[in-house]
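Let's take a walk through the charged pairs in this one. Have a look at the model first, and then we'll go pair by pair.

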Amino acid sequence: MHSFIDKTKLVGRALLMMLIIPGFLLATVPGPAAGENYIEVLDRGKIDWTNGFIEAFGIGGPPANPLNAAHARAVAQRSADVAARNNLIELVGNIRVDSEAFVADHLAEGKIPEQELETVLRDARAVDLSYDRDEEVRVKVSIRLQGSLAELLLPKDILIITTVKQPQEANQKEEPFSGLLVDCRGISFQPGMVPLIVDEDGAVLYGPAFASRDHAVERGMVSYMRNIDSAAKDPRIGPKPLSVKAIRTVEGKPCDIMISHADAAQIRGLASNLNFLHQCRVLLVVD
């Protein structure tokens, strides 16, 4: 843990100079559904894995000898904004890409271009501004985990897949499944951008080779929710999701989920199931 935080701090110093933007504009971001979102709380920020937002906050104070009240507030606000954006850099570095690496690791290895990350993080918007009695200012900034940031952070081996409509099989009387719902409640788990779903032999049922990059960038490889009733109705997985139960996480791989042979057979059973996998219509329900 210590090593990747240190790497991110080093990157943060380089990026911070690029992130000081003239002016200050508050943006509105959709609020979470209480009790249903899977939110990972980190130091000075959080990741809403359900809605796909990263938020970081910073605190700034007035100068020692301000010219007037307006000057004091302006300096405190700018200081808080800079601190929030610097904290956002560290927070992004702490995101798990998969069970093997954090974003900071990929930055240190050159897998993520530093200058491109600078450009993407400039788009973080201030979404909250508050003051306290000591004239300190607190600023919160937010950026989508999907879209341009996901394009940069997702592994390059996630490629665009042309989904071909599968003909209905002769013995198939019902409409094909519209998505995959994995019940991961009751098991120890850590969220990541690229989790794997495997069977009891370790064979991969869902991962980078099954997801089409355009869909992974736009909606994420998976979504995470806490409430199984709400998850079952989520538009992401459509009106008729295939529901399976997670047995445990893979040993030493906290983002990767194992399911039974019987549930794996359901996923493999119809060729049409590849369509919803290509479209990343996968939702994990977690505690």
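In which helix do Asp-81 and Arg-85 both lie, and how many residues apart are they? They both sit in helix H2 (residues 69-93), 4 residues apart, or about one turn of the helix. Helices here are DSSP runs of H or I with at least four residues, strands are E runs of at least two, and both are numbered from the N terminus.

Quick housekeeping: this is a predicted model, where local features need pLDDT of at least 70, side-chain atom pairs count only at pLDDT 80 or more, and totals for chains, interfaces and linings use all residues. Residues are numbered from 1 along each chain as its sequence is written, and side-chain values use heavy atoms, leaving out hydrogens and water.

The term means a side-chain nitrogen of Lys or Arg within 4 Å of a carboxyl oxygen of Asp or Glu. Both Asp-81 and Arg-85 are buried (under 20% relative accessible area; exposed is over 50%, partly exposed in between, with a 1.4 Å probe and protein chains only).

Next, Arg-144 pairs with Glu-218 in a salt bridge, with the closest N and O atoms 3.9 Å apart. Arg-144 belongs to strand S5 (residues 137-144) and Glu-218 to helix H6 (residues 213-219), so this pair ties together parts 74 residues apart in sequence.

Lys-245 and Asp-183 make a salt bridge too, at 3.6 Å, N to O. Since Lys-245 is in strand S10 (residues 241-250) and Asp-183 in strand S6 (residues 179-183), the pair ties together parts 62 residues apart in sequence. Lys-245 is partly exposed at 38% relative accessibility, whereas Asp-183 is buried at 11%.
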